[in-house]
Amino acid sequence: MSLPTIDDLEVSGKRVLVRCDFNVPLREGRITDDLRIRSAVPTLQALLERGARVIACSHLGRPKGGVKDELRLAPVGERLTELLGRAVKVASDVVGDGAHGAVDSGAEVVLLENLRFEPGEEANDPSFAESLAALADAYVDDAFGAAHRAHASIVGVAELLPSAAGLLLAEEVAKLGRLLADPEPPYVAVLGGAKVSDKLDVIGNLLDRVDAFCIGGAMAFTLLVARGEEVGKSLVERDRVDDVRAMLGRAENKGVEVLLPADVVAADAPEEGAAHDTVVLGDIGDRLGVDIGPATARAFGETIESARTVLWNGPMGIFEIDDYAAGTRAVADAIARATKNGAYTVAGGGDSAAALKQLGMEDAVSHLSTGGGASLEFLEGKQLPGIAVLERTGG
Ligand code: ADP
Ligand code: MG
């Protein structure tokens, strides 16, 4: 089954509902990172150039089915107006008189109000999906970051209108897909972040594909415990140790190397300003690991630089605190060198993307996925509802 694209859709003179992922971070009503808005622009421009009238829609935050003034999409509308160089008419509601008025006004680009102001959105309520569909003649899904959600604006509406994937969604599927189908070896997966339980399914799906894992972050400590190591007060998910041990056994049987930290930055507390030192693992005492150490960073770096395919998900330490960001920086540097040497490199995950941005290294990878949870579920090998529905009904 293949994904229908906007080339497969009749859009000239039509009203096209475009599901975007404008779920951007806001601070005091201002957008602090507009990557997701910028990422939607190519699809919106392509549709406008083909003579479509665009009705963009998105969720923002978690208003839980009611109107929250601080989660209105007005700031997104302003930024989108700048990026498109065209006026964007922001509707005062999602599917009510405000939305119909905005669409009927003949505006080239309408932005509906926050989808999650409507309880029917997350419930994938059929009558809410019908109300959305009634606004448009065709539907384009470009919200890769929400493709793992079976919500009305993603699944319900796609079943009611001629549908296709936008450029961003299609690009994500193609570029993440390369990590699962026929990746060029050596293939290294660099994993980190908070919880091993979040990533066990990804590890499981990659076990048949990768040559090596480099695992840092808090999740590494559960693996180290499974290997019988001392980890002091580091974060460990005790209830996952057995699962992890089984996974390590499978890796060994398959000849997949699993590199874990041999040295760490050990701190008194996971906080800025806490006393901390670099130690070999055995000397962690009653401190906790907050970053991989320099010897580990070197070993990971060598493995990464010898790879032809690299997936990175999850920071190596508490990178939000400068003193604990060196391991994440070293891995990002190694990935940048691999990219320069022609390796295919992909970073996915909200915090990994944030780390690259914090380092000013968004260009260090061949592809920086805009999806957090969605990219993880994709890499787990799951059928994402937003993709499956287009394959099933699209065109
Ligand atoms: P991603 O969003 O890239 O998938 P995660 O959400 O899994 O990543 O994890 C990111 C979080 O993990 C960050 O907030 C980071 O501070 C935290 N983290 C990484 N290493 C450690 C550690 N050693 N101890 C505690 N927290 C850690
Ligand atoms: Mg995260």
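Predicted model: local features only at pLDDT ≥ 70, side-chain atom pairs only at ≥ 80, totals over all residues.
Residues are numbered from 1 along each chain as its sequence is written, chains are lettered from A and ligands numbered from 1 in the order in which they are written, and side-chain values use heavy atoms, with hydrogens and water left out.

**View 1. The whole chain, before we zoom in.** The protein chain has 15 helices and 17 strands, taken as DSSP runs (H or I, at least four residues, for helices; E, at least two, for strands) and numbered from the N terminus. The radius of gyration is 23 Å, close to the 21 Å from the globule rule for 395 residues, so the chain is as compact as a globular protein of that length. That radius is taken over C-alpha atoms, and the rule is 2.2 Å times the number of residues to the power 0.38. Along its principal axes, the C-alpha trace spans about 70 × 45 × 40 Å. Some 55% of the 395 residues count as buried (buried is under 20% relative accessible area, exposed over 50%, partly exposed in between; 1.4 Å probe, protein chains only).

**View 2. Strand 10, covered on both faces.** Ala 212 and Cys 214 sit on one side of strand 10 (residues 212–215), Phe 213 and Ile 215 on the other, and all four are buried. Strand 9 (residues 187–191) runs parallel to strand 10, with 4 bridges in the pairing; two strands pair if DSSP finds at least two bridges between them. Look for Val 188, whose bridge partner in strand 10 is Ala 212.

**View 3. Strand 14, tucked inside.** In strand 14 (residues 288–292), 5 of the 5 residues are buried, so the strand is largely enclosed by the rest of the structure. Its pairing with strand 12 (residues 263–267) is antiparallel, over 4 bridges. Here Ala 266 has Gly 289 of strand 14 as its bridge partner.

**View 4. Glu 121 and its surroundings.** Glu 121 belongs to helix 4 (residues 119–122) and counts as buried, at 0% relative accessibility. Leaving out residues up to four places away in sequence, Glu 121 has contacts that include Arg 19, Arg 116, His 151 and Ser 153 (contact means heavy atoms within 4.5 Å). Gly 65 is 56 residues away along the chain, yet its C-alpha atom and that of Glu 121 are separated by 7.9 Å.

**View 5. His 367 in strand 17.** His 367 is in strand 17 (residues 367–368) and counts as buried at 6% relative accessibility. Beyond neighbours within four places in sequence, its contacts include Glu 171, Glu 172, Lys 175 and Tyr 344.

View 6. The loop between helix 7 (167–177) and strand 9 holds Pro 186, and the peptide bond from Pro 185 to Pro 186 is cis, with omega near -10 degrees. Asp 182 lies in the loop between helix 7 and strand 9 too; its phi is positive, about 60 degrees, although it is not a glycine, and Asp 182 is exposed at 77% relative accessible area. Lys 64, in the loop between strand 4 (53–57) and helix 2 (74–84), has a positive phi of about 55 degrees and is not a glycine either. Lys 64 counts as exposed, at 71% relative accessibility.
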